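Please read this note beside the sequence and the model.

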Amino acid sequence: MTTQLLLGGTVYSSPAVPDATAFAITDGIVVWVGTDDVGRALHPDAEIVDLDGHFVAPAFVDSHVHLTDTGLRLTGLDLSGATSRTDCLDRLAAFLETSDDPIVWGLGWDSSTWDGSDAEGLPPTTADLDAVAGNRPVYLARVDEHSAVASSALRDLVHGIEAATGYQAQAPLVADAHHRVRAAARGLTTPEARRRAQLTALDHAASRGVVAVHENGGPDISGVDDFRSVANLDHPVLVRRYWGQPVSSLEEARAVMSAMGADALGGDLFIDGAIGSRTAWLIDEYSDAEGEYGVSYLDEETITAHLRATTLAGIQAGFHVIGDGAVAAVAAAMSTVADELGTPALARCAHRLEHAEMVTSDQAELFARCGVIASMQPLFDHAWGGDDALYIHRLGERAPTLNDFAGLARAGVALAFSSDAPVCDIDPWASIRAAVHHHTPTNAISPRAAFAACTRGGWRAGGVNDGLTGTLVPGAPAHYAVWDVDDLVVAASHQSVQRWSTDPRSRVPALPNVEPGARLPECVRTAISGEIVYERPTA
C-alpha cells in the first residue's frame with residue numbers, strides 16, 4: 001500500500017479546509033486533505049509530489065461528446081475558422097491535396113457568422129463541391145451537425161435520397177436526407193481511421209483536465225458500428241455510452257441495452273434538430289423563415305412509451321431537445337408517466353434532457369419534481385447568444401430566454417455541463433466562463449455552481465451520486481487535475497452573496513478567475529484514481 005503526498009499547491013477541497021495546500025492518496029483514494037507541515041507529519045513515509053504552487057481541483061466530466069467526429073475535427077478538415085463560402089471551398093481544396101482518404105469529412109462551418117450580403121454568406125452548394133472535389137465523396141457538416149452539404153459522389157451512394165424528407169438538390173441536406181447521407185459517409189470511414197479519431201479525442205479530453213466523457217450515439221448520429229467500437233478502446237479516460245434508440249416496452253428496453261452494450265437509452269435520441277439548421281422544433285415559426293417550424297422526429301406517444309418503458313426497466317433515458325415544441329412534448333410525456341408511475345420512479349432513473357435550451361419555468365418545476373438532469377452547453381450561448389448573433393436572427397424576442405441555467409437551478413433541476421464536441425471544443429473552463437457571463441445576465445450562475453456542473457454534476461448525470469466522486473475530500477476517488485493559473489478569487493452570482501463569500505468567515509474555497517480577458521487555467525497534469533493520464537509537455 002503506497003501513499004502519495006502532494007504538497008506545495010492550492011487544493012480546492014471543501015469549506016472545512018479552505019486553505020488546503022496538500023492532500024494524500026492511498027490506492028487511488030483521497031485519504032487526507034490539509035496543509036504541508038501537517039501532511040508531512042502524518043505521512044512520513046509517503047512519496048512526495050511537489051505541486052510547484054499550482055492549483056489542484058477535482059477533474060472534469062464532459063457529459064455530451066461525439067468521439068469520432070471530435071477526433072476527425074482535431075486531425076482533419078476543421079472548417080470552424082472559415083469566413084465565407086469561398087474560404088470554405090479553398091480550405092477544402094487545400095485539404096484534398098494532402099488527403100487520399102476514401103471519404104472527406106469536414107466539420108464546423110457556420111454560415112451564420114459569414115458576411116450575408118451576397119452569395120459569400122451562403123453555404124456551398126453541391127455544384128461547388130463537385131467543382132472542387134470532382135468525383136470524390138465529400139461530407140461537410142454544419143457546426144451543429146444537423147445539416148450538411150455533400151458532393152454528388154456521396155449523394156449517389158444513397159439510393160432514393162431524392163425522396164427523403166429534407167432533400168435539396170444544391171442546398172444543405174437536413175432531416176432524413178441528412179441522416180442517410182451521413183450514414184453513407186460513415187460507411188466509407190475505415191475502422192483504423194475511426195479508432196485513431198476516437199483515441200485522439202480522448203487524449204484531447206485528458207489534456208483539458210477531463211477524466212470521463214459521455215458518448216452520445218444513436219442510429220442517426222454515429223451508427224451501430226461506431227458506437228460498439230467505442231467500448232473496445234484502450235484508454236484511461238472513462239467513457240459512459242448512451243444509445244439514442246426509442247423503445248416501446250420494458251422487454252424491448254432491456255433487449256436493446258443488451259444488444260448494444262449501452263449504459264443508458266438516451267443521449268441523442270432526437271426529438272428535434274438544431275436552431276442553426278432550422279430543424280429545432282418550435283411552437284411559433286422561425287423569425288427569419290416564414291412558415292418554418294423545424295422538425296419533429298418523435299411524437300408525444302412515442303416519447304411517452306420510451307419514458308414509460310425505461311422507467312419500468314430502471315434504465316436511465318434521455319432526449320435531445322432544443323426547441324420549445326420538443327420540450328413541450330417531453331414535458332407532456334413526463335407528466336403522463338408521472339401520473340401513472342409516480343415521480344419517485346422517474347427520479348430514481350435520473351432521466352436526462354440534452355441541451356434543454358427553451359424551457360419554461362413551469363416545465364422546469366415539472367422536471368425538477370421528476371428528478372430530471374439537464375445536460376447543457378454554456379458555450380452555445382457564448383457562440384450564438386447576444387446582439388446580432390444567430391439566436392436573435394432565428395428566434396427574435398425569444399432569444400434572451402435560451403439556456404436559462406439560473407432558472408433551471410432555482411427550480412431544482414440538476415445541471416451537468418458539456419461541450420457537445422465537436423460542436424464546441426472540450427474546454428471546461430471556457431464553459432464555466434460562458435455560464436457565469438451569460439449574454440442574458442439573469443440566466444447566469446456563479447462560478448462555484450458552474451464548476452459543480454462540470455464536475456459533480458457530470459458524475460451525477462452518469463449515475464454516480466455517492467456524494468464523494470467529483471470532490472477532493474477524504475474517501476473520494478483521486479480524480480484530479482493540476483492547473484497553471486494566474487489568479488484565484490471568490491466570486492458569486494449576486495452582490496449580497498458576494499459580500500458573504502469574500503468574508504473569511506464563510507470559508508469558501510477560491511477558484512480561478514474566469515472574468516472576460518483573464519487567462520484561463522492551463523492543464524499541467526490529469527490523474528484518474530491517482531494515476532497520471534496526461535502530463536503537460538515541458539519546453
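1. Arginine 142 and aspartate 144 form a salt bridge, and their closest N and O atoms lie 2.7 Å apart. A salt bridge here is a side-chain nitrogen of Lys or Arg within 4 Å of a carboxyl oxygen of Asp or Glu. Arginine 142 has 4% relative accessibility and therefore counts as buried; aspartate 144 is also buried, at a relative accessible area of 10%. Buried means under 20% relative accessible area, exposed means over 50%, and partly exposed lies in between (1.4 Å probe, protein chains only).

2. On the source: this is a predicted model, in which local features need pLDDT of at least 70 and side-chain atom pairs count only at pLDDT 80 or more, while totals for chains, interfaces and linings use all residues. Residues are numbered from 1 along each chain as its sequence is written, and side-chain values use heavy atoms, with hydrogens and water left out.

3. By the salt-bridge rule the count comes to 20. Side chains of opposite charge can pair when their charged atoms come close. Which residues are linked in a network of salt bridges? They are Asp484, Asp486, Arg519, Glu522 and Arg536. Helices (H or I, at least four residues) and strands (E, at least two) are DSSP runs, numbered from the N terminus. Arginine 519 is partly exposed at 30% relative accessibility, as are glutamate 522 at 36% and arginine 536 at 29%.

4. Helix H11 covers residues 324-341, and its end C-alpha atoms are 25 Å apart; this agrees with the 26 Å that its 18 residues should span at 1.5 Å a residue. The expected span is 1.5 Å times one less than the number of residues. Among the buried residues of H11 are Asp324, Val327, Val330, Met334 and Val337. The buried residues of H11 pack against helices H10 (300-313), H12 (343-349) and H13 (361-369), and against strands S15 (318-321) and S16 (352-355). Glycine 342 follows H11 and has a positive phi, near 90°.

5. Is glutamine 377 buried or exposed? Glutamine 377 counts as buried, because its relative accessibility is 1%. Glutamine 377 sits in the loop between strand S17 (373-376) and helix H14 (378-384). Leaving aside residues up to four places away in sequence, glutamine 377 touches His64, His355, Ser418, Ser419 and Asp420, where contact means heavy atoms within 4.5 Å. The side chain of glutamine 377 also reaches the backbone oxygen of serine 375 at 3.5 Å.

How values were computed:
A polar contact is a pair of N or O atoms within 3.5 Å; within protein, one must be able to donate a hydrogen and the other to accept it, and residues adjacent in sequence count only if both atoms are side-chain atoms.
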